[in-house]
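Visitor: I would like to learn how to read a structure like this one. Please take me through it feature by feature.

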Amino acid sequence: MSAFFVVLFAFLAGVEGILDEFQFHQPIVAASLIGLANGHLMEGVVLGGTLQLIALGWFNVGAAVAPDAALASVISAYLVTGPAQVEVNTGIAVAIPLAVAGQVLTIFVRTLTVALAHTADRYAEKGSLRGVEMVHVIALIIQGLRIAIPTMIVMAVGAGPVRDALGAIPKVITGGLGVAGGFIVVVGYGMVISMMATPQLWPFFFLGFALSAVTQLNLIAMGIIGVVIALLYLQLSPEFNGRGGGPSNGGSSNGGDPIDDILNNY
Amino acid sequence: MADNEKKLTKRDLITVWWRSFFLQGSWNYERMQNLGWAYAMIPAIRRLYKTKEERIDALKRHLEFFNTHPYLASPILGVELALEEQRANGADINDETINGVKVGMMGPLAGVGDPVFWATIRPVLGAFCASLALAQNVLAPIIFFVVWNAIRMSFLWYTQSFGYKQGVNITQDLSGGMLPKITQGASILGMFVLGVLVPRWTTMNFVLQVSKVKNQAANVVDLHHLTNAANNGKLSVDQLRNVIDQVVAGKTVDTFKVTTLQDTLNSLLPGLAPLLLLLIVLWLLKRKVNPIWIIFGLFIVGILGYWAGILG
């Protein structure tokens with residue numbers, strides 16, 4: 001029974017890995033669901049939270065494909081919450097190579113779907129609405145299987161061999177991976193920042209950084225401060241109000257990103 | 001005349017909205033979201049065009065290349081629904097107009113959707129729920145799922161309806177009005193929260209010992225008297241009170257004062273190491289280094305640091 005739900009949730013994660021709508025592929029959702037299916041909900045939630053932080057910056061922009069959160073969270077959650085009962089730190093460590101594997105798989109399926117798009121063209125020539133719909137659904141199912149099939153393979157291999165393989169890793173490696181697990185989240189933050197950063201926005205980052213040391217302010221309080229600052233900026237910035245002020249204020253120049261300049265000069 | 005007018009029903013609009021959830025299902029490298037787009041438009045095509053020839057034409061023009069942020073396709077869908085409806089009723093709207101509107105809107109709208117949804121709302125919500133999850137709160141995934149989908153589904157519905165009502169006028173409205181404000185406001189919030197998160201949730205512990213000195217006896221809580229008294233059965237309330245007073249006064253219980261590299265860094269500026277690491281990562285990303293290689297590199301740094309006893 002739990003095996004059925006693991007495969008079902010794996011399928012949903014695969015579908016969402018391409019759709020990006022309901023977010024069944026996000027680690028916090030996928031790992032929790034797999035944990036639930038295996039009867040170890042709490043381990044799934046904790047693993048999901050940890051992986052979520054790592055995957056914060058993993059998103060597809062245009063045609064570029066990001067590391068795949070779906071395969072990483074599903075299989076790593078199965079190893080941690082399933083019969084193998086692997087440690088959370090090890091689960092995180094195996095998640096990263098899995099994210100790469102998932103990325104390769106989705107690129108493969110996206111290429112395969114080119115052929116399906118041509119099949120849809122042939123149905124369109126016949127005016128067949130149903131035919132076009134069917135091809136679309138088939139493509140979606142293949143994306144679901146992209147995660148469901150590897151998951152079934154891992155399940156078939158069984159807990160013993162997986163645990164033995166992971167147990168053969170020396171302590172220096174697992175300890176080091178645990179240490180690295182604490183700071184690889186920076187890559188996720190970096191990916192988000194490198195997408196958003198403009199000269200006007202960097203000061204807000206450093207304001208947040210400085211306030212972060214005040215540990216009494218929890219994230220909700222920080223969110224309120226952030227919203228207030230954003231609203232103030234929108235009200236006061238000549239960029240949005242300055243019909244008269246305009247260029248003389250010079251507040252909205254589109255120059256280079258100063259931090260980037262410093263980084264590039266390195 | 002009103003009898004012959006072809007009109008999309010509310011139900012059609014709802015079906016298109018539901019189908020727009022599956023926009024990327026057949027994402028492919030040739031025409032990207034083209035088939036998903038056609039899939040979403042089919043309920044309207046079915047309603048508006050009854051002859052085979054009309055349907056063939058409609059399918060063909062909606063199977064052209066299309067790619068934008070999956071949520072920002074909704075206002076475009078709305079506009080295209082309005083255009084198709086007018087065309088079916090005999091308005092002079094040719095294929096070029098219909099494709100022109102699609103292509104003209106998809107670029108700018110993708111530019112709004114990526115920073116707002118992927119780079120702000122999802123990381124902020126994800127980070128917040130991840131903090132709950134790490135505190136072993138089962139509500140974390142539920143909050144993430146419900147809040148995200150409430151935002152997403154209402155956004156898709158309202159922007160689709162907005163596009164449908166506005167028709168082609170929407171392009172001007174969007175570029176001149178709210179969208180730049182929303183993008184800027186969301187980005188400010190996003191950068192601020194990231195600034196908070198980078199030092200708070202990056203765990204870098206430099207356990208390397210910088211110094212180890214014996215604490216002066218005057219600064220250490222006098223535990224020997226206490227244990228002696230306890231072992232001899234002569235422990236008094238006053239002795240306990242005395243020890244507690246010493247602790248409250250800020251005396252230490254350790255014989256040695258160990259300063260790690262981390263303590264030194266913290267006294268300089270809390271979160272300095274994560275910040276420096278972030279700048280290095282940003283520099284690498286600027287150099288178009290694949291993020292996965294950066295992650296592997298950091299794993300190696302972690303293993304070497306752990307092996308050398310610097311990190312722990």
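Visitor: Which residues form a nonpolar patch on the surface?

Guide: A patch is made of residues with over 30% relative accessible area and no salt bridge; like charges are joined within 9 Å, and nonpolar side chains (Val, Leu, Ile, Met, Phe, Trp, Tyr) within 5 Å. Here the nonpolar patch consists of A:Val137, A:Ile141, A:Leu145, A:Ile149, A:Met152, A:Ile153 and A:Val157, which together have about 550 Å² of accessible area. Accessible areas come from the Shrake-Rupley method with a 1.4 Å probe, and for residues only the protein chains shown count as cover.

This is a predicted model, in which local features need pLDDT of at least 70 and side-chain atom pairs count only at pLDDT 80 or more, while totals for chains, interfaces and linings use all residues. Residues are numbered from 1 along each chain as its sequence is written, chains are lettered from A and ligands numbered from 1 in the order in which they are written, and side-chain values use heavy atoms, with hydrogens and water left out.

Visitor: Where is A:Met152 found, and why does it count as partly exposed?

Guide: Helices (H or I, at least four residues) and strands (E, at least two) are DSSP runs, numbered from the N terminus. A:Met152 is in helix α6 of chain A, residues 129-157. Buried means under 20% relative accessible area, exposed over 50%, and partly exposed in between (1.4 Å probe, protein chains only). A:Met152 counts as partly exposed because its relative accessibility is 38%.

Visitor: How many salt bridges does the structure hold?

Guide: A salt bridge is a side-chain nitrogen of Lys or Arg within 4 Å of a carboxyl oxygen of Asp or Glu. Over all chains there are 15 salt bridges. One of them is between the side chains of A:Asp121 and B:Arg31, at 2.7 Å from N to O. A:Asp121 lies in helix α5 (residues 88-125) of chain A and B:Arg31 in the loop between α1 (10-20) and α2 (34-48) of chain B, so this pair joins two chains. B:Arg31 counts as buried, at 14% relative accessibility.

Visitor: Which residue meets B:Arg46 in a salt bridge?

Guide: The partner of B:Arg46 is A:Glu133, at 3.4 Å from N to O. This pair also crosses between chains, from helix α2 of chain B to helix α6 of chain A. B:Arg46 is partly exposed at 27% relative accessibility, whereas A:Glu133 is buried at 8%.

A further salt bridge is found between B:Arg87 and B:Asp95, at 2.9 Å from N to O. B:Arg87 is partly exposed at 22%, and B:Asp95 is partly exposed at 30%. Shared partners in salt bridges join A:Arg130, A:Glu133, B:Arg19 and B:Arg46 into one network.

Visitor: How is a pair of aromatic rings described?

Guide: Such a pair is described by the distance of the centres and the angle of the planes. Rings of Phe, Tyr and Trp (its six-membered ring) pair if their centres lie within 6.5 Å; planes under 30 degrees apart count as stacked, over 60 as edge-to-face and the rest as tilted. The whole structure has 23 aromatic pairs over all chains. In one of them, B:Trp18 and B:Phe22 have ring centres 5.6 Å apart and planes at 65°, so the pair is edge-to-face. B:Trp18 is partly exposed at 42%, while B:Phe22 is buried at 17%.

Visitor: Are the rings of B:Trp118 and B:Trp148 stacked or edge-to-face?

Guide: The pair is stacked, because the planes are at 15°, with the centres 6.1 Å apart. B:Trp118 is in helix α5 (residues 95-134) and B:Trp148 in helix α6 (residues 139-166) of chain B, so that the pair links distant parts of the chain, 30 residues apart. B:Trp118 is buried at 1% relative accessibility, and B:Trp148 is buried at 1% as well.

Visitor: Over which ring does the charged end of A:Arg110 sit?

Guide: A charge sits over a ring if NZ of Lys or CZ of Arg is within 6 Å of the ring centre and within 35 degrees of the ring normal. The charged end of A:Arg110 sits over the ring of B:Trp27, 4.5 Å from its centre. Likewise, the charged end of B:Arg19 sits over the ring of B:Tyr39, 4.3 Å from its centre.
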